Amino acid sequence: TIINKKLNDNTLDKINEIKDAINVMIDDIDSFFRSYLESKEMSGNTATIYPATSLYNDMQTEFQDCHPTLEDLISSFKSLQKMFLFIIENQSEDKKLKGTGLIELMSQFSDQIDILMESSKSNDYLSWMKYFHKNGTSSINYLYKNVGKILFEKYFSYNNPGLLCSATLTTNNSFDYFISSIGLDDFRCEQEIKKIILSSPFYLEEQLDFYSFKSDLDINSNEYIDNISKQILEISSHFNKRMLVLCTSYKQASQIKNRLKPQFSKINKKLLVHEKGRSKNSLIRAYKSSTESVLIGTMAFWEGIDLPGEELSILMIIRIPFSNPNDPYVRYVNERFSSKGENGFNEMQVPEACLKMKQGFGRLIRTEFDCGIFIITDPRIYNSSYGYRILNSFSVEAKPYQHFSTILNNEKIL
């Protein structure tokens with residue numbers, strides 16, 4: 001649409017040339033990735049029901065069976081980039097062209113080509129392929145390994161003053177994990193880092209009750225989902241207040257929905273579930289329209305939503321939000337810690353999960369007038385070596401419970 005806009009003749013000739021080059025490029029890219037998938041099929045990587053990842057250090061080796069070759073594809077990228085740069089440098093002031101947004105698109109694409117080329121040559125980037133035979137998709141991915149290094153080099157090394165403030169910067173009353181994640185422990189900083197932890201402006205001990213499920217159930221079992229679904233039904237029906245249940249995946253949300261939907265329909269109670277393709281904002285609007293609704297949310301609901309007062313009375317977290325151990329960056333970090341004789345899970349994933357738990361917890365008490373019930377149902381809180389670190393992330397002491405009746409019997413808060 002943009003390319004076919006009415007432009008001056010000289011520009012239009014160049015645009016048509018770019019258009020032809022783009023069509024050729026699309027065909028080449030399609031062929032390149034299809035041949036990549038075919039090479040993975042030959043290696044037997046087709047059985048997984050989830051997208052697979054392949055970390056690589058050498059692009060030439062990773063794509064050696066692709067056609068067109070990687071060199072030819074990069075050459076085509078660079079030719080297209082030169083065409084874009086010609087337009088950007090020579091026609092950027094053309095009022096008709098500026099109004100199409102084409103200049104901005106060309107600039108962004110050119111920048112991405114530069115980053116791709118840089119990532120292929122630099123050890124500072126983590127590169128991997130993500131592919132899924134089920135729907136025939138694949139993608140090239142790259143990520144800067146040390147974000148803290150960038151922050152330090154671009155900002156902190158210039159002795160810029162700064163104030164870093166949030167309710168989710170500490171784990172176990174320490175800033176160590178956060179300071180490490182932004183690069184201030186690996187690099188020499190001339191300025192003194194002043195640290196202060198301020199107490200909450202809320203009277204949390206009086207404003208909420210905190211319960212943690214003590215059970216021997218396997219969190220990955222159907223029995224666990226059955227139990228949690230029963231808890232949601234009984235607790236929400238007893239208090240008749242709005243309830244938010246935070247999951248860590250669409251699969252969990254769907255499993256709970258399948259168990260609860262028939263029962264909620266019988267009692268005419270509104271059940272809302274965040275599924276792929278459903279709008280977060282529309283779900284929140286529907287949730288607010290009923291005083292007794294239950295919303296099953298995924299990671300999108302752990303932060304960035306404000307539900308003060310009676311908009312949220314009961315918050316349940318059903319699983320500690322650990323990062324996916326198969327995520328390429330997590331695997332890279334774990335290997336880096338292992339090389340130093342340290343445990344990546346304890347040093348990164350547990351502190352990161354603590355911060356995410358605090359982020360989710362922050363959905364409940366938004367003002368000094370709010371009150372509510374906070375429930376963690378993950379049995380690993382009491383059955384693991386790291387559970388106490390999760391509990392210590394909160395300024396309110398958890399009350400262990402083995403049956404939901406313990407929560408129903410407490411009418412103090414709601």
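The lining of the second largest pocket comprises 23 nonpolar, 15 polar and six charged residues (Ala, Val, Leu, Ile, Met, Phe, Trp, Tyr, Cys and Pro count as nonpolar, Asp, Glu, Lys and Arg as charged, and the others, Gly among them, as polar). The model is predicted: local features need pLDDT of at least 70 and side-chain atom pairs count only at pLDDT 80 or more, while totals for chains, interfaces and linings use all residues. Residues are numbered from 1 along each chain as its sequence is written, and side-chain values use heavy atoms, with hydrogens and water left out.

**Overall architecture**

- The chain contains 16 helices and ten strands, taken as DSSP runs numbered from the N terminus (helices: H or I, at least four residues; strands: E, at least two).
- Along the principal axes, the C-alpha atoms of the chain occupy a box of roughly 75 × 60 × 50 Å.
- Of the chain's 414 residues, 44% are buried (buried means under 20% relative accessible area, exposed over 50%, partly exposed in between, with a 1.4 Å probe and protein chains only).

**The second largest pocket**

- The volume of this pocket is about 1500 Å³, and 44 residues line the pocket.
- A pocket is here an open set of points on a 1 Å grid over the protein atoms alone, with protein on both sides within 12 Å along at least five of seven lines; lining residues have an atom within 4 Å of a point.
- Nearest the centre of the pocket lie Ser-166, Ala-167, Leu-169, Phe-175 and Ile-196.
- Two elements, α7 (176–181) and α13 (344–361), each give two or more residues to the lining; α13 gives the most, with three residues.
- Ile-196, one of the residues nearest the pocket centre, is found in the loop between α7 and α8 (204–207) and is exposed at 61% relative accessible area.
- The C-alpha atoms of Ile-196 and Ser-174 are 9.8 Å apart in space, the two residues being 22 apart in sequence.

**Salt bridges**

- The chain has eleven salt bridges, each a side-chain nitrogen of Lys or Arg within 4 Å of a carboxyl oxygen of Asp or Glu.
- Asp-306 pairs with Arg-366, with 2.8 Å between the closest N and O atoms. Asp-306 belongs to the loop between β7 (294–297) and β8 (314–317) and Arg-366 to the loop between α13 and β9 (372–376), so this pair ties together parts 60 residues apart in sequence.
- Both partners are partly exposed: Asp-306 has a relative accessible area of 45% and Arg-366 one of 30%.
- Glu-342 and Lys-340 form a salt bridge at 4.0 Å, N to O; Glu-342 is partly exposed at 37%, whereas Lys-340 is exposed at 53%.
- Asp-378 and Arg-380 form a salt bridge at 2.7 Å, N to O, and Asp-378 is buried at 0% relative accessibility.

**Backbone geometry**

- Most residues other than glycine have a negative phi, and most peptide bonds are trans.
- The peptide bond from His-67 to Pro-68 is cis, with omega near 0°, and Pro-68 lies in the loop between α2 (59–62) and α3 (70–91).
- Asn-172 has a positive phi, near 55°; this residue sits in the loop between α6 (147–154) and α7 and is partly exposed at 46%.
- Asn-268 also has a positive phi, of about 55°; Asn-268 is found in the loop between α10 (250–266) and β6 (271–273) and is exposed at 73%.

Definitions and conventions:
On a 1 Å grid over the protein atoms alone, a cavity is a set of points where a 1.4 Å probe fits but cannot get out, and a pocket is an open set with protein on both sides within 12 Å along at least five of seven lines; lining residues have an atom within 4 Å of a point. Grid points are joined across faces, edges and corners, and a volume is the space filled by probe spheres set on the points.
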